[in-house]
Amino acid sequence: MTIDNSFIQLISHKDTLNKEQFKILALEYPSLDNWKELALNKEVSKNDGNLLMLLKGDLSLKAQEQIIKNYHMILEFNNIKAKSVYEAPKNQETDSSKAEEKDDDKEEHIRIYCDGACSGNPGEAGSGLAIYSNKKNPVLLHGAYEKDGTNNIAELNALYQALIIARQSNSQNIITIYSDSKYSIDCITTWAYGWKAKGWTKKGGEIKNLELIKEAHQLYERLKNKIEIHHVKGHSGVEGNELADRMAVHTIKAKNKDFAFYSYNKIEDVLSLTSY
């Protein structure tokens with residue numbers, strides 16, 4: 001993509017950029033007076049353009065680096081090769097700690113927490129996920145907004161998205177998925193077999209959320225040797241579950257149907273967000 005005036009207005013804050021934004025644009029920092037002229041007509045990749053938007057604001061250097069790390073983690077989860085002039089920042093660590101981190105990365109262990117929320121039941125609904133990879137800070141996603149949804153469909157949407165992420169991962173190890181909804185777990189891993197055998201019907205009435213259950217069950221069948229799904233008690237202090245909950249509630253405010261990345265500085269800041 002080509003940098004133009006409208007894009008500069010979109011990514012700038014108080015008529016300037018922060019250090020990492022200038023780095024992506026290969027411009028000097030502190031900025032020169034004519035930085036806008038120098039930025040105009042520069043060619044950047046789509047991924048760099050996304051990063052420039054995510055980095056907008058008066059952010060600390062630590063926050064900027066965290067946003068970049070998390071964004072690259074999302075690209076990796078989705079098997080997207082980042083054609084970027086920017087390489088994710090490296091921590092200034094001792095040689096021994098670097099060696100330990102390198103060993104950890106050889107065997108990637110992914111844990112995905114998923115949750116749904118609904119304001120009223122039925123009411124506005126949304127889903128959230130917290131994705132952990134080894135010792136890295138979790139990637140947080142929010143989306144699947146439903147204007148007239150239920151708590152059950154929000155939970156199913158969250159679990160379905162977790163299955164999609166598991167399918168896209170290149171990890172050679174078992175991926176563990178956690179949900180606090182026994183309903184969504186049982187629908188996909190247990191009850192679906194009986195319903196399917198009876199032509200997707202059940203004794204006593206309609207199977208609610210059937211199309212979503214069909215898609216999620218089909219994906220589960222493809223992945224069941226690669227994943228484990230566990231029930232976790234909701235609102236019991238489990239960090240991943242609490243973070244997924246905050247993301248689900250945030251979706252109801254943001255009203256985004258597609259899943260989006262949530263940038264943050266400290267996990268404590270996310271945990272302090274409103275929960276139902």
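Tutor: In this predicted model, Phe-22, Tyr-29 and Trp-35 make up one aromatic cluster. Ask away!

Student: What makes Phe-22 and Trp-35 an edge-to-face pair?

Tutor: Their ring centres are 5.5 Å apart and their planes make 85 degrees. Phe-22 lies in helix H2 (residues 19-24) and Trp-35 in helix H3 (residues 35-39), so the pair ties together parts 13 residues apart in sequence.

Student: Why is Trp-35 called buried?

Tutor: Its relative accessible area is 7%. Buried means under 20%, so Trp-35 qualifies. Phe-22, at 0%, is buried too.

Student: Why is the pair of Tyr-113 and Tyr-178 called stacked?

Tutor: The planes of Tyr-113 and Tyr-178 are 15 degrees apart, with 4.6 Å centre to centre. Tyr-113 is in strand S1 and Tyr-178 in strand S4, 65 residues apart.

Student: How do you know that strands S1 and S4 pair?

Tutor: S1 (residues 110-119) and S4 (residues 175-179) share 4 bridges, in the parallel sense. At least two bridges are required, so they count as paired. Within this pairing, Ile-112 stands opposite Ile-177 in S4.

Student: What makes Arg-111 sit over the ring of Tyr-132?

Tutor: The charged end of Arg-111 is 4.5 Å from the ring centre of Tyr-132. The distance limit is 6 Å, so that part of the test is passed. Arg-111 is also listed as sitting over the ring.

Key: Residues numbered from 1 in each chain as written. Predicted model: local features only at pLDDT ≥ 70, side-chain atom pairs only at ≥ 80, totals over all residues. Heavy atoms only, no water. Phe/Tyr/Trp six-rings, centres within 6.5 Å; stacked < 30°, edge-to-face > 60°. Buried < 20%, exposed > 50% of the residue type's maximum accessible area, 1.4 Å probe, protein only. Lys NZ or Arg CZ within 6 Å of the ring centre and 35° of its normal.
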